[in-house]
Amino acid sequence: MTLYLPIAEMSVNIFVFLGMGCAVGFLSGMFGVGAGFLMTPLLIFSGIPAVVAVGTQAAQNVASSITGAIAQYRRRNVDVKMGVVLLAGGIVGSLIGVQIVKILREAGQFELFVSLSYVTFLGIIGALMLTESLNTMRQAHAGKSVFGRSSGQHSWIHGLPFKIRFHRSKLYISAIPPLMIGAFVGFLGAIMGVGGGFIMVPAMIYLLRIPTNVVVGTSLFQIVFVTGVTAILHATTNQAVDIVLALVLMIGGVIGAQFGAAASEKLRGEQLRAMLAGLVLLVCLRIAWNLIAPPEELYSIGRMLGGH
Amino acid sequence: MRILATRTTKSHHLFDGSNHSPFCLKVQEQRRVSRVFLGLFLLGMAMVSQEAGALAGPKEQMRKQQPELPSLKPKIVRDIGKETVEADVSTHSIAVTSGFSGTKIVIFGAVNRPFPLAPDPSVYDVIVAVEGKSEPLIVRKKSNVFGLWINLGSLRFESTPSYYTMASTRPISQIADGSVLERHQIGFEHVNMTLSRNALGIRSRKEITQYQKAVIRLKRKAHLYQQQDHGVKFIGKSLFRSSFDLPADVPVGPLKASIYLFRDGNLLAQFTSHVELRREGLQRWLYDMAFNYPLFYGLMAVFFATIAGLTASAVFRRKSV
């Protein structure tokens, strides 16, 4: 059964994309991570223009993160004040990111930029996760988890001005670091089509020293809003959101996530993380290969979105 | 005597009359001779001018020949009798809906010959070209920079046909000369591709040709440019038909079908028909929204995402309870 995508302007097999949404949803449910970093490269590999892949994925990220955000909010694991500060930074970052996408797209360098960003971030995160999970596995008595460390140690970050008291996080820190982190993650979300949880969570734990119990909830809370804003900005600036494609991916993702969450209960944390790290590195290598391998065709026709 | 006189006068008259005609012949002969001379003179002139043309180089010759051709063409047409061609498309309006996965159009037509003892249809050649709306396009070329393949070169075309497919009774290079095809913009090499103004003058002719060839190659690979060398078939004496595949990603907009009738390498007649490709229903609405009301469209996308997410979380909750 074929489905014509109005913005990507191509006809695709609906089951292929439903299956992709399902598979990525399964992984995201199993690992408890956002689907963007897997979905965006997959969409690009399957021929969706990079800009449309990123813009559409931004919309899909809203759907995939809102479920988790609501669940976390009910458990009172969201520091709304911290979330709003991160969100303020995130919107600024997203605004900048979407403009940069526009400029790069017009210069014909967007795909290169997306690929390089993915190779860099997936490479670093995959390598870190792999070493961490392998180390944990080696130490049979896995008493110390990396994400479990929360200390009251102070760093240079705590010497900055504009201090705000975050009750839920039990912190009294400057608003500048969360703003910066939010902006950076918002920027990445706009150019890579990701929620940015994989940057946000470690940054909140290691840089801001937010207690782990509110980290995931607060991160999800701000991701919902930042990806929503990013999707709207991509729609207005780049006309890059394909609603039909997004709906197909959402349906697939929702179904896949259910099975993924069930599957995750049968696996241990470090095993899951090692598998996720392997997956992340595979995607990274696949994108890197596209950059290095001599292309069959040197020429390509640039897409002129909105040139109608 | 009188009779004789009359006879003589008569005979004289007769003689006079008989003498008149040889004189007349002489005059006619003189005229004919002068005509022959004039013809020879003109032929000589033509040869001299042709020689001069050949000496002046191929460019000069081209320029000299081109203005002569149109003056020759109507003569030929008048000699054979005026053939015309008429054609129509199977559908004039194609709806691009959510289920659109490409379609097929049939173009059929007839060669009208004004006299009964018309030649066999095999002397005619028909070229049918279907052209999509022209659009700007940018072609990029990758180069290896420190091991990475990066788009470095690019060339912008102000207009290129978004879709171009032609079918013909035989390969178009056999139907007519390149110059004739060029004049009527028939064929991938001759179809109108306008370079962007700022791209002119910067590049070598060779490089521009490479880019242009790349456009044709890429578009052919995507089935947006197609060529069917024997795609036009005559049915009987004057009817012909050809079919065209419109791929799923055919650019939405008007399509122009041009039908050219050739004989002995000369264009005898031409006919144009139109097909309209329109987004319909939901597709049209979404597309209009996305480009005319992008803010509303973006909000709608986020709204749908929220609904999808909330529905999922409701389902999850029910399951866990």
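**View 1. Buried residues of helix 5 in chain A.** In helix 5 of chain A, the buried residues are A:Phe110, A:Glu111, A:Leu112, A:Val114, A:Tyr118, A:Val119, A:Leu122, A:Gly126, A:Met129, A:Ser133 and A:Thr136. A residue is called buried if 20 or more other C-beta atoms lie within 10 Å of its own, exposed if 12 or fewer do, and partly exposed in between, with C-beta atoms placed from the backbone. Helices (H or I, at least four residues) and strands (E, at least two) are DSSP runs, numbered from the N terminus. This is a predicted model, in which local features need pLDDT of at least 70 and side-chain atom pairs count only at pLDDT 80 or more, while totals for chains, interfaces and linings use all residues. Residues are numbered from 1 along each chain as its sequence is written, and chains are lettered from A and ligands numbered from 1 in the order in which they are written.

The buried residues of helix 5 pack against helix 2 (36-45), helix 3, helix 4 (80-107), helix 6 (176-192) and helix 10 of chain A, and also against strand 6 (148-161) of chain B.

**View 2. Chain A as a whole.** Chain A contains 10 helices and 5 strands. Its radius of gyration is 19 Å, close to the 19 Å that the globule rule gives for 308 residues, so chain A is as compact as a globular protein of that length. The radius is taken over C-alpha atoms, and the globule rule is 2.2 Å times the number of residues to the power 0.38. Along the principal axes, the C-alpha atoms of chain A fill a box of roughly 55 × 45 × 40 Å. Of the 308 residues of chain A, 54% count as buried. Among contacts in chain A between residues at least 6 apart in sequence, 81% join residues at least 24 apart. Two residues are in contact if their C-beta atoms, placed from the backbone, lie within 7 Å.

**View 3. The side of chain A that touches chain B.** Contacts link 44 residues of chain A with 47 residues of chain B. On the chain A side, at least two residues each come from strand 1 (2-5), strand 2 (10-13), helix 3 (50-74), helix 8 (212-237), helix 9 (243-264), helix 10 (269-292) and strand 5 (299-302). Helix 3 of chain A gives the largest share, 9 residues. By class, this side has 28 nonpolar, 15 polar and 1 charged residues. Here Ala, Val, Leu, Ile, Met, Phe, Trp, Tyr, Cys and Pro count as nonpolar, Asp, Glu, Lys and Arg as charged, and the others, Gly among them, as polar.

Strand 5 of chain A is joined by 4 bridges to strand 5 (residues 134-145) of chain B, and the two run antiparallel. Strands pair if DSSP finds at least two bridges between them. The bridge partner of A:Ile301 in strand 5 of chain B is B:Val139.

**View 4. An open sheet in chain B.** In chain B, 6 strands form an open sheet with mixed pairing, in the order 2-13-12-4-7-9. Strand 2 (93-96) and strand 9 (225-228) stand at the edges with a single partner strand each, so one side of each is left without a neighbour in the sheet. Within the sheet, strand 4 (residues 124-132) and strand 7 (residues 164-168) of chain B pair in the antiparallel sense over 5 bridges. B:Val128 has B:Ala167 as its bridge partner in strand 7.

**View 5. Surroundings of B:Asp88.** B:Asp88 lies in strand 1 (residues 84-89) of chain B. This residue is partly exposed, with 14 other C-beta atoms within 10 Å. Leaving out residues up to four places away in sequence, B:Asp88 touches B:Phe108, B:Gly109 and B:Ser273. B:Asp88 and B:Ser273 are 185 residues apart in sequence, and their C-alpha atoms are 6.4 Å apart in space.

**View 6. Two loop residues with positive phi.** A:Arg209, in the loop between helix 7 (197-208) and helix 8 of chain A, has a phi near 55°. A:Arg209 counts as buried, with 20 C-beta neighbours inside 10 Å. B:Gln185 also has a positive phi, about 55°, although it is not a glycine.
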